[in-house]
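Welcome, and take a moment to turn the model around before reading on.

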Amino acid sequence: MKLFKKKMLCLFTALMIMLQLISYTANASTGSVGNTEDGYVVIAFEGLTLGQGYYVEPTLYSYGEIAEILDGSVDEDRLTSADVTNAVLKDKGISVNETEGNYDMGLYLSTLYGVDKGEVNIPQVLVDNGVTADDGNSNQWLGEFDYSFMSGWMFTLDDSLATAGATEWYLDNNESGKTSYDGTHVIRWMFTLSGFGSDLGISSGWGNEALYEGADKGELYKLYAEINKYAPEVFVENKEVKTAALSVMETIDATQASVDSATKALLSAYNDYLGGNEEVEKGQDVSAVLNPALAKLAATVTEPNFGTSAGEWSVLSLARGGYYDLNNSYFSDYYDRIVKTVNETAASIALDGKLHKVKSTENSRLILTLAAIGKDATEVGDYNIVEPLSDFTWVQKQGLNGPVFALIALDTYGYQVADTDGISIRTNSINYILSKEIDGGGWALSGTTPDPDMTSMALQALAPYFNENTEVKAAVERGIKVLSNIQNAEGGYASWGTVNAESIAQVIVALTSLGINPDTDSRFIKNDSSPIDAIMKFYDKDNSAFKHVLNGKVDAMATDQSVYALVAYNRFKNGETSLYDMSDVKQGNPPVEEDDFKEVTAILSAPAMVKRSKGTTFNVTVSLSDWDSTKDYKLMDAIMTIPEGVKVTNVTMGSRAVGGNVHYFLEEDTGKLRIAYYNDKYENITVSGTAFPAEYFTVSLEITDSSVSDTLNFALSGMSFKINSDSTAEDSMHVIDTATASSTTKVELKNEGKAYAYQLYAGDGVDLIPEDLQAVAVLITENHEAISLTYTDGTALKYSPQLTEKTGVNTYVAMFSTEVVLSDLSNIENYKITEEVSPGSVLFGDGNYDGVVNAQDALDVVNAWLRKSDAPEDDEILAMNINGDSRVNTFDTLGVVDYFVNGTEPIIVSFGTSFKAN
């Protein structure tokens, strides 16, 4: 059953990765698929402009299936859109107009037999733009000139309109420059009525401008087709989800937000179908091997140094594996030794920071290791060991290894060095690596046979450029295919004729760098064994180390590479940055120029739910993770997506935003809320205080239609701060990272008379809060200004004005036993609600309940932590735990001080709008 689990896991993992726009891989069929598992395509035939839905729903085929349907008459490596279309029409029993040649399309698809459903219901968006249907269709063939003199069939490949005939439009390396939706192609044959595609949301160039902005449905099509083929039980058990997805797909002018929402709903249904099996969800757990291996590495390599057998790679594993905190003396002592060694070595070489006369990898290896422990490689003792990589003549003296590791090292922290003859080291390195690709794909140090080690290391170097360079993307895809093809029957790899741990390790690092799960991707499962299975066979449990070959002894190099490969896999499973992407290393000082901007992230918070009624008001807030106080900002602008049925009543700046005036405008036809904050006297805008995250602005909203969608999606699509009016200056604009804020935030709309309980935190028994207590927030959608709320066990809940203001829903808090389950707390029948009695309230930070937060409250928290006062009651704990964690301690004291001195909002309130159900 293991193979079945891995195949199902491959699907799930692929769907999860799809939402983050990284490598997607379709699963393989267990029956009729041909001999290849290398390529997949989804195809659909659509009559959306006629209101007739799909003639062929989005359907998934492997390249092998296409070849099998066409009796092997096509080259699977050179499939065209015509090949796929011919195969699918043949598979579905649909005939093409015989005058055009049955199943032999040239420039275009003329007519299809028997697909027209007879009834025409032109979508409203087209009617509003003057699109009509004239004489209709006089026969059973649907095609050109039916219903309109401009009608006919058009197709897109991966959301790009084909500019050549289907026989000339190849699935891979087509002229669009966009080869696939992350590994699976999508072909859409669409019937157009007007404007030669303008009614399809396409501006073809020879017709009219698009009548609306068409959403990219490619990912939804793939997901729908994938589940329909490999897990149809999901649709049997979740008919409403399937119906909703079809409805969105068949809505010709569906918004991108609705498409994304439908995609997530399908994914959620599939997740529920899997039943929470941890192995199925993520792949196997390697901690039983990785943890003791890291411990043994730390115990063995006690004083790592530069260039030794127990040096950089051991330090890399321990740092990226999180074995030691980066402030640990293990790393600081190592760095002190490195400074001494670099000073001595560079001085002896006398080549301006080079650590070897011909081996640039000496510098590269040290650069990436220093990045892993948060050290700036541009200032190591007396030397900048990064700048020497600008000498490309020196870099390429080691052949392929030089440019490969130069790229990896530079990209760990985004280092910049001087150009060589006007060409950057990155361009030189990429071009060099591409030039050394073996015909058919892959790389080797020498010869014409792809080597797994060198191919994998090349892929590791090229991974950051996969979506930026079409040549790189094509080479990487060929490299992935090569690694799949040369994998042995046990899931492992051989180099120089010997199956070994190091080769497998490099493949694992490469795949995780590209967002591919090496334990679940069907391309890398051979006879039920993955690379993870294969590398585990080299583990010596008695020595907590790895062997080079299966019948050998433990080996330092094999251990180093195997351990950091499992670290890379573990980081991938945990959603962390890849092994060589050190952007997550916060403890160190990343090398930035003096004028560079500090990394700042926007965080969007929306209420968990609001009442379903016209006139309901609520707020959405945007906070900043940090602030660059060294910059003289003049203006902030932002764009937020507002769903239909909701209007903006106000935009207000947080109390920490200083110096400007806010202006805003909602484009009702696009749902884009545009916000600007500036001072017309050209004075600076700032953020006061030093505590972060800090609320920057709040958007006040009101529901205008009680039939509004059950799910509202808010997203911050852009946010930037302007330094000056010179748009050509590199430092004129600071673009804020909106990755978190751009993720769709759901707001569930519930009927009145409901309760929704969320656990804020649970005690851990360390500081005052017992392990058997949990703090719970309960949102009540009763339409009352103030009510008294008592749970069935007699617990009286206190009203929280702070959380209520955030959510827009009456919110109450109380301490409950952990034996009380959230499902019972979410049952409105379990509460006694009294309207006549004004509820008691809790103000976070006000531990003595005198109505104000001041120094006395801070002193009360300290005294409680020092045990100088009686143990606080439950209600006091609620108020004192201003940081909303599992303890009452001195951090809460500082939080109280920040609150009454700086007006800093309690953390429990700042994040209280993003409740997580227990």
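**A walk through the model**

The backbone nitrogen of methionine 150 sits 3.2 Å from a polar atom in the side chain of serine 148. Keep in mind as you look that this is a predicted model. Serine 148 has 8% relative accessibility, so it counts as buried, the cut-off being under 20%. Once its neighbours within four places in sequence are set aside, serine 148 is in contact with Asp134 and Leu193.

Follow the chain onward and you come to aspartate 158, in the loop between strand 5 (152-157) and strand 6 (160-161). Most residues other than glycine have a negative phi. Aspartate 158 is not a glycine, yet its phi is positive, at about 55°. Is aspartate 158 buried or exposed? Its relative accessible area is 0%, so aspartate 158 is buried.

Serine 544 also has a positive phi, near 50°, in a residue other than glycine. You can find serine 544 in the loop between strand 10 (539-540) and strand 11 (545-546). Serine 544 counts as buried because its relative accessibility is 15%.

Now look at phenylalanine 546. Not counting residues up to four places away in sequence, phenylalanine 546 touches a set of residues including Val289, Ala293, Ile535, Phe538, Val554, Ala558, Val563 and Leu566. The largest nonpolar core has 99 residues, and Phe546 is one of those with the most contacts inside it, along with Leu366, Leu370, Val404, Ile433 and Trp443. Apart from this core lies another, of 45 residues, among them Met653, Val699, Leu716 and Phe721.

Two packed helices are described by the angle between their axes and the distance between the axes. Here, helix 15 (residues 401-413) packs against helix 17 (residues 452-462) at an angle of about 35°, and their axes are 8 Å apart. The crossing of helix 15 past helix 17 is left-handed. Which residues make the contact? Helix 15 contributes Asn401, Val404, Phe405, Leu407 and Ile408, while helix 17 brings Met454, Met457, Ala458, Gln460 and Ala461. Sorted by class, this contact of helix 15 with helix 17 has eight nonpolar residues, two polar ones and no charged ones.

Methods. Residues are numbered from 1 along each chain as its sequence is written. This is a predicted model: local features need pLDDT of at least 70, side-chain atom pairs count only at pLDDT 80 or more; totals for chains, interfaces and linings use all residues. Side-chain values use heavy atoms; hydrogens and water are left out. Helices (H or I, at least four residues) and strands (E, at least two) are DSSP runs, numbered from the N terminus. Buried means under 20% relative accessible area, exposed over 50%, partly exposed in between (1.4 Å probe, protein chains only). A polar contact is a pair of N or O atoms within 3.5 Å; within protein, one must be able to donate a hydrogen and the other to accept it, and residues adjacent in sequence count only if both atoms are side-chain atoms. Contact means heavy atoms within 4.5 Å. A nonpolar core is a set of buried Ala, Val, Leu, Ile, Met, Phe, Trp, Tyr and Cys residues joined through side-chain atoms within 4.5 Å. Axes are lines fitted to C-alpha atoms, for helices over the stretch in contact, and angles run from 0 to 180 degrees between N-to-C directions. A crossing is left-handed if the near helix is turned anticlockwise from the far one by less than a right angle, and right-handed if clockwise. Ala, Val, Leu, Ile, Met, Phe, Trp, Tyr, Cys and Pro count as nonpolar, Asp, Glu, Lys and Arg as charged, and the others, Gly among them, as polar.
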